[in-house]
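Work through the exercises below with the sequence and the 3D view at hand. Each task is followed by a solution in steps.

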Amino acid sequence: MHFKETDLPGIGRKYWLHTRSGEHLVIVIHNDERRDLFHMESGDSPEELGDMVSLVTLDDDEARAVAAIVGGMTYKPTFQDEREVMLEGLLIEWLRIEPHSESIGRSIGELNIRQATGAVILAVVEKNRTKQFNPGPDYTFTAGATVVVAGERDQIKLLKQLLSNGRL
């Protein structure tokens, strides 16, 4: 995660966040208390901004409400433990293939995912929103894809490591 802060004379202040997923969030806080949130795609390098995906403008009260929600002041998830007990240890997780993942360009079979981790890949949603349910061993991972997996906590931990590092 990279974070920058810049004064904008006569306007306010700009904050720039490069996320682990390779996207950018630019927040401009105007002197009139208005906030602009820009969701940007990644560019050709981590420092370079791509195209704008969306823009949201918030007034001061709206910005404070969003900050409380995102910061966990109004809700802290506790469902994880309940879900694990309800499904007797089975977890279902959504994992994103980050741009720096060593699994990019490699297949499920090549990584030997099921045998190496015990986890199961239920579905994959590509960055362009195409979906593949129950992908076979020939499926090749791409940057930005979201992988829906099932397994026990330790199995999913191993799978995250395998997807990130390309090995255990």
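**Exercise 1.** In this predicted model, does arginine 13 count as buried, partly exposed or exposed, and what is its relative accessibility?

Solution. The relative accessibility of arginine 13 is 27%. Buried means under 20% and exposed over 50%, so arginine 13 counts as partly exposed.

**Exercise 2.** Find the salt-bridge partners of arginine 13.

Solution. Step one: the side chain of arginine 13 meets that of glutamate 5, at 2.0 Å from N to O. Glutamate 5 is partly exposed, with 42% relative accessibility. Step two: arginine 13 also forms a salt bridge with aspartate 7, where the closest N and O atoms are 2.6 Å apart.

**Exercise 3.** Which parts of the chain does the salt bridge between arginine 35 and aspartate 60 link?

Solution. The two side chains meet at 2.7 Å, N to O. Arginine 35 lies in strand β4 (residues 35-42) and aspartate 60 in helix α1, so the bridge links distant parts of the chain, 25 residues apart. Arginine 35 is buried at 13% relative accessibility, and aspartate 60 is buried at 17%. Returning to Exercise 2, shared partners join Glu5, Asp7 and Arg13 into one network.

**Exercise 4.** Is valine 70 buried or exposed?

Solution. Valine 70 belongs to helix α1 (residues 60-70). Its relative accessible area is 70%, which is over 50%, so valine 70 is exposed. Together with Val66 and Ile69, Val70 makes a nonpolar surface patch of about 290 Å².

**Exercise 5.** How many residues does the largest nonpolar core have, and which element gives the most to it?

Solution. The core has 18 residues. Helix α5 gives the most, with 4 residues.

Note on methods
Residues are numbered from 1 along each chain as its sequence is written. This is a predicted model: local features need pLDDT of at least 70, side-chain atom pairs count only at pLDDT 80 or more; totals for chains, interfaces and linings use all residues. Side-chain values use heavy atoms; hydrogens and water are left out. A nonpolar core is a set of buried Ala, Val, Leu, Ile, Met, Phe, Trp, Tyr and Cys residues joined through side-chain atoms within 4.5 Å. Buried means under 20% relative accessible area, exposed over 50%, partly exposed in between (1.4 Å probe, protein chains only). Helices (H or I, at least four residues) and strands (E, at least two) are DSSP runs, numbered from the N terminus. Patches are made of residues with over 30% relative accessible area and no salt bridge: like charges are joined within 9 Å, nonpolar side chains (Val, Leu, Ile, Met, Phe, Trp, Tyr) within 5 Å. Accessible areas come from the Shrake-Rupley method with a 1.4 Å probe; for residues, only the protein chains shown count as cover. A salt bridge is a side-chain nitrogen of Lys or Arg within 4 Å of a carboxyl oxygen of Asp or Glu.
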